[in-house]
Amino acid sequence: MADLTSDFLGIRSPNPFWLASAPPTDKEYNVRRAFEAGWGGVVWKTLGSEGPPIVNVNGPRYGVLYGADRQLLGLNNIELITDRPLEVNLEEMARVKADYPDRALIASIMVPCEEEAWKAILPRVEETGADGIELNFGCPHGMSERGMGSAVGQVPEYIEMVTRWCKKYYSRPVIVKLTPNITDIRKPAAAAKNGGADAVSLINTINSITAVDLDDLAPEPKIDGKGSHGGYCGPAVKPIALSMVSEIARDPETAGLPISGIGGVTTWRDAAEFLVLGAGNVQVCTAAMTYGFKIVEEMISGLSQWMDEKGYASVDEVVGCAVPNVTDWKHLNLNYITKARIDQDLCIKCGRCFAACEDTSHQAIAMNPGRVFEVKDDECVACNLCVNVCPVEDCITMVRLEAGEIDERTGKVVEPDYANWTTHPNNPAATAAE
Amino acid sequence: MGNSPFTPGVVSARLPAEALAENFGDLHAPYTAHEAHVAADRCYFCYDAPCMEACPTTIDIPLFIRQIATGTPEAAAKTIFDQNILGGMCARVCPVEQLCEEVCVREVAEGKPVEIGRLQRYATDTLMAKNAHPFERAAPTGKRIAVVGAGPAGLACAHRLAMKGHSVTVFDARPKAGGLNEYGIASYKTVDDFAQKEVDWLLRIGGIEVQTGRALGEGGLTLDALAADHDAVFLGIGLGGVNALGAEGEETGNVADAVDFIEDLRQARDLATLPVGRDVVVIGGGMTAIDAAVQSKLLGAQNVTLVYRRGRDRMSASEYEQDLAASKGVHIVHHAMPVRVIGNGAVREVEFEYTSDGPNGLEPTGETFRLRADQLLRAIGQRLEGAPDGLTLEGGKIAVSGAGRTSMPNVWAGGDCAAGGDDLTVTAVAEGRDAAEDIHAQLS
Ligand SMILES: Cc1cc2nc3c(=O)[nH]c(=O)nc-3n(C[C@H](O)[C@H](O)[C@H](O)COP(=O)(O)OP(=O)(O)OC[C@H]3O[C@@H](n4cnc5c(N)ncnc54)[C@H](O)[C@@H]3O)c2cc1C
Ligand SMILES: Cc1cc2nc3c(=O)[nH]c(=O)nc-3n(C[C@H](O)[C@H](O)[C@H](O)COP(=O)(O)O)c2cc1C
Ligand code: SF4
């Protein structure tokens, strides 16, 4: 069986599944139960400065995007960082870490952007024996109005500055948690690296309004008739997170910087996708909040089965495997030509492919008598929309034209060699191939 | 012209071969991968799930369904086999409508449960099709254990013991292993010789020797000898005897035990060789009665009547099984008991008397009626036969305490032959497995 042991920044855990900083990791009671359920590590719910604890709203904190059968597809929240006293959290962390030396325990921290504030809290966190810290530069709601969270994460200079302070006052690994509420994720990642960060973790939540109550005319979740944007997470954000992780993994400036992948991890497959795109481990919040701690069992069994099937012996072998295959558009092979093919035996004659292609694409599907749908090769641009909207798996597939065949749409012979936009005759900036 | 459903008497080949093949095909077609995904997606992954509690082997149902949903049916199968090594057979034969699916929160809320049984079959079939056995034996312990009876109880016990590193010898009186999986379960629930394939697959754990044609109590094979020779003995001998009707004329020809009829059917290489009556009457209210009635009908009997002495709600066959029988054309008569079998050499009619279920129990009403019958099948229950001397019995079965401990030291029992628990395949598996754990604990 594949070895799922994870070594992230020298922090070892029995598997690469950590719980992200959020309600599941808010207190000793939860974290002990999470470890018993099999989680490899936790990032404790974000700590704030000493003093009167944070105050949360007392009405609903969450808004949800549902599927038809009330599957939770996306979640948003307006919760702040921990609202329990710093003392209590630190004591609990120390106790739990002592009892679970084989699990990762990371302290998440968010204090004001002042050196004194960091200097004050870091030694106290160090005393707990936690394996590292994560700097919460991500929460996009509430705390950001007070100049913390994403308000820091959106300014690369601040990230670099605070990271430096942390490296100065703290001896163990420093992970910088990034906000996705920014145009180019590579900039804050590079800033973290320049500040000496040992790793970045991403994504934190995305600014969002999940729904509007059309009777009360207020966004959800509603507090006494008003709402505020929240942070979006859960399955719906995975595509955004995957892209951001891959950007950091392949940018020359940040390549090699360890990444903890977060955002919509719900199954082993999601986790594997983060790992192959360069994440050294993954963190999970919404899936645990939706299904309970037990889901980690599926993540563990699924990942190890897949690794066994593919012949990966360890998590390290998996990390970043797909990064070389993430490239710029301009490097995609324009001589790779495919056509949609409809398997008439599988077709159930719903006509969705026809509607999609006829109304919104390239009028490349013919509807013949008897509701027989056929692709017109001379019109098909291979956009894949018919495949995507077909309700039957494998009924419509994309078939590659062999070199030497004629593409009926262009009337040209399919070239055998790779050729991309940079050398294409239509590209004014084309550099002629030598 | 060959025979047809209208041919009088007890004759074979009432239906053409194609019709027989169709009738005895899979009761539920296996799921395709896509169907399994859609079905799995309906599971809510309930906390402390009621289905799990309702499963006698406590399979982690939410977990295995989630493993199907995430595209790893092999892992799902492992989750199932961890608790129930005969999870493949149980997926086919469990009365899920009375077990896991009955308590599924979606059954309770919508009357439409997650189809746990079919999902279980999808997972176990997937792994078994790869011919993969997901367990390895622990290092040999040097301990030797005798298991008597190669039915679900004995097989589950043997597998668990072998896994723990013990050496197991299984003795069974019959020519094939499998118990009622091989000789009793309705054909359309376990097609394509699944019972034998499952036994072969199970034995791949290693460390189990099966000796068929070895009956306890015969040829010097006694419990005392086994106990003296082994570190422990497990008895999983099922219920070999059949209850009599106690009706006048019961000895007439063409009156048989339903279990024998079913056994012949299960062992027949060619269903067209099996004789069945034109007018078949089956007496009983359990699964055996239903299976005998349904299979008579599927063989081509023109009229099949199942007669039960109490009301519908008292039948031990589930409502689902009763509906299945009705849908196949079996006529079910309630509140009637046989008083006389009429016929000269062979049954011709059966006389019944109506009953009422009053405060003094079941009472005949005095009103009688007759049913035409050229074949009569008894299915009013099995009983323990040939229990070794020296064992304390309770209610006609071997008395056990804890995880199957009998009154004799180092002798355990489980499955149908042991007191307590329902007479179901899955219960037999649970009891065999738990006895193995207890034996292991005692030996280590
Ligand atoms: C017709 C019929 C249909 C059924 N359908 C279902 C169903 O759909 N679903 C369900 O859950 N349950 C069903 N059952 C019940 C189920 O088959 C039993 O509960 C289950 O098989 C019990 O397992 P077991 O191992 O205790 O006994 P068995 O399966 O009876 O196995 C006992 C084994 O012991 C052997 N044996 C007996 N005496 C001796 C001896 N002296 N020496 C050596 N070996 C001996 C026998 O040959 C046999 O192989 C059905 C039962 C019958 C009769
Ligand atoms: C209710 C809630 C509270 C959260 N609180 C914090 C927090 O205190 N600190 C933090 O770094 N991230 C917090 N997050 C963000 C999560 O750690 C995580 O980055 C995000 O939810 C994306 O992962 P997911 O899709 O698995 O939920 C919170 C998320 C939720 C839903
Ligand atoms: S989950 Fe429900 S019961 Fe629990 S705190 Fe939230 S609102 Fe209250």
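1. Conventions. The model is predicted, so local features need pLDDT of at least 70 and side-chain atom pairs count only at pLDDT 80 or more, while totals for chains, interfaces and linings use all residues. Residues are numbered from 1 along each chain as its sequence is written, and chains are lettered from A and ligands numbered from 1 in the order in which they are written.

2. Chain A overall. Chain A has 13 helices and 22 strands. Helices (H or I, at least four residues) and strands (E, at least two) are DSSP runs, numbered from the N terminus. The C-alpha atoms fill a box of roughly 75 × 60 × 45 Å along the principal axes. Of the 434 residues in chain A, 45% are buried. Buried means 20 or more other C-beta atoms within 10 Å of the residue's own; exposed means 12 or fewer; partly exposed lies in between; C-beta atoms are placed from the backbone. Among contacts in chain A with a separation of 6 or more, 69% join residues 24 or more positions apart. A contact requires C-beta atoms, placed from the backbone, within 7 Å.

3. Strand 10 of chain A. Strand 10 spans residues 199-202, and both its faces are covered. Ala199(A) and Ser201(A) are buried on one side, Val200(A) and Leu202(A) on the other. Strand 10 pairs in the parallel sense with strand 9 (residues 174-177) over 3 bridges. With strand 15 (residues 259-262), strand 10 also pairs in the parallel sense, over 3 bridges. Pairing needs at least two DSSP bridges between the strands. Leu202(A) stands opposite Gly261(A) in strand 15.

4. Helix 6 of chain A. The buried residues here are Pro188(A), Ala189(A), Ala190(A), Ala191(A), Ala192(A) and Lys193(A). Their cover includes helix 4, helix 5, strand 9, strand 10 and helix 7 of chain A. Gly196(A) follows helix 6, with a positive phi near 100°.

5. Cis bonds. Check two in chain A. The bond from Leu202(A) to Ile203(A) is cis, with omega near 10°. Ile203(A) sits in the loop between strand 10 and strand 11. The bond from Glu220(A) to Pro221(A) is cis too, with omega near -10°. Pro221(A) lies in the loop between strand 13 and strand 14.

6. Positive phi in chain B. Ala13(B) has a positive phi of about 55° although it is not a glycine. Ala13(B) lies in the segment before helix 1 and is buried, with 20 other C-beta atoms within 10 Å. Thr58(B) also has a positive phi, near 50°. Thr58(B) is in the loop between helix 3 and helix 4 and is exposed, with 12 other C-beta atoms within 10 Å.

7. Interface. From chain B, Gln67(B) in helix 4 touches Glu298(A), Ser301(A) and Gly302(A), among others. Gln67(B) counts as buried because it has 28 C-beta neighbours inside 10 Å.

8. Core. The largest nonpolar core has 130 residues. Such a core is a set of buried Ala, Val, Leu, Ile, Met, Phe, Trp, Tyr and Cys residues joined through C-beta atoms within 7 Å. Ile61(B), Ile68(B), Phe234(B), Val282(B) and Ala293(B) touch the most other members. Helix 15 of chain B gives the largest share, 8 residues.

How values were computed
Contact = placed C-beta atoms within 7 Å. Lists of a residue's contacts leave out its neighbours within four places in sequence.
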